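Have your viewer ready and a selection tool at hand.

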Amino acid sequence: MNEEVKLNDISNDLFILNQHTIDRLFSCENPGDCVALYCFYYKTEKRKEDKSVWATDDYIKKSLKWGDKRLKRAKEELKKILQNNK
């Protein structure tokens with residue numbers, strides 16, 4: 001029995017949000033947009049192999065099919081709730 005043991009790392013397949021983060025996201029004025037944008041940032045960061053910038057405003061707008069106003073509002077709300085955590 002000289003079989004090689006190979007461990008599967010599933011961490012890159014998981015998408016985890018804790019209760020505190022969910023509560024904060026749902027406290028936004030537009031919780032659906034905040035959740036969508038936060039999840040978009042999260043999945044984009046998980047897929048990156050390097051530290052290059054992927055999530056430019058144009059990339060986000062195209063991917064989420066949002067306009068300038070909607071993206072700006074969601075980004076401002078996310079910044080506000082994330083800064084309140086400090």
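Start by selecting aspartate 68 and lysine 61: in this predicted model, the two form a salt bridge whose closest N and O atoms are 2.2 Å apart. Now colour them by accessibility. Aspartate 68 is exposed, because its relative accessibility of 54% is over the 50% cut-off. Lysine 61, at 17%, counts as buried.

Aspartate 58 is exposed, at 58% relative accessible area. Taken together, Asp58, Lys61 and Asp68 are linked in a network of salt bridges.

Next, show helix H3 (residues 57-64) and helix H4 (residues 68-83) as cartoons. Their axes are 10 Å apart and the packing angle is about 110°, which makes H3 roughly perpendicular to H4. To see the contact, select Asp57, Ile60 and Lys61 in H3, which meet Asp68, Leu71 and Lys75 in H4. The residues of this contact comprise 2 nonpolar, 4 charged and no polar ones.

How many salt bridges does a search of the whole structure find? The count is 4. For one more stop, select arginine 70 and aspartate 33, a salt bridge with its closest N and O atoms 2.7 Å apart. This pair links distant parts of the chain, 37 residues apart: arginine 70 is in helix H4 and aspartate 33 in helix H2 (residues 31-47). Arginine 70 is partly exposed at 36% relative accessibility, while aspartate 33 is buried at 11%.

Notes. Residues are numbered from 1 along each chain as its sequence is written. This is a predicted model: local features need pLDDT of at least 70, side-chain atom pairs count only at pLDDT 80 or more; totals for chains, interfaces and linings use all residues. Side-chain values use heavy atoms; hydrogens and water are left out. Axes are lines fitted to C-alpha atoms, for helices over the stretch in contact, and angles run from 0 to 180 degrees between N-to-C directions. Helices (H or I, at least four residues) and strands (E, at least two) are DSSP runs, numbered from the N terminus. Angles under 35 degrees count as roughly parallel, over 145 as roughly antiparallel, 65 to 115 as roughly perpendicular and the rest as oblique. Contact means heavy atoms within 4.5 Å. Ala, Val, Leu, Ile, Met, Phe, Trp, Tyr, Cys and Pro count as nonpolar, Asp, Glu, Lys and Arg as charged, and the others, Gly among them, as polar. A salt bridge is a side-chain nitrogen of Lys or Arg within 4 Å of a carboxyl oxygen of Asp or Glu. Buried means under 20% relative accessible area, exposed over 50%, partly exposed in between (1.4 Å probe, protein chains only).
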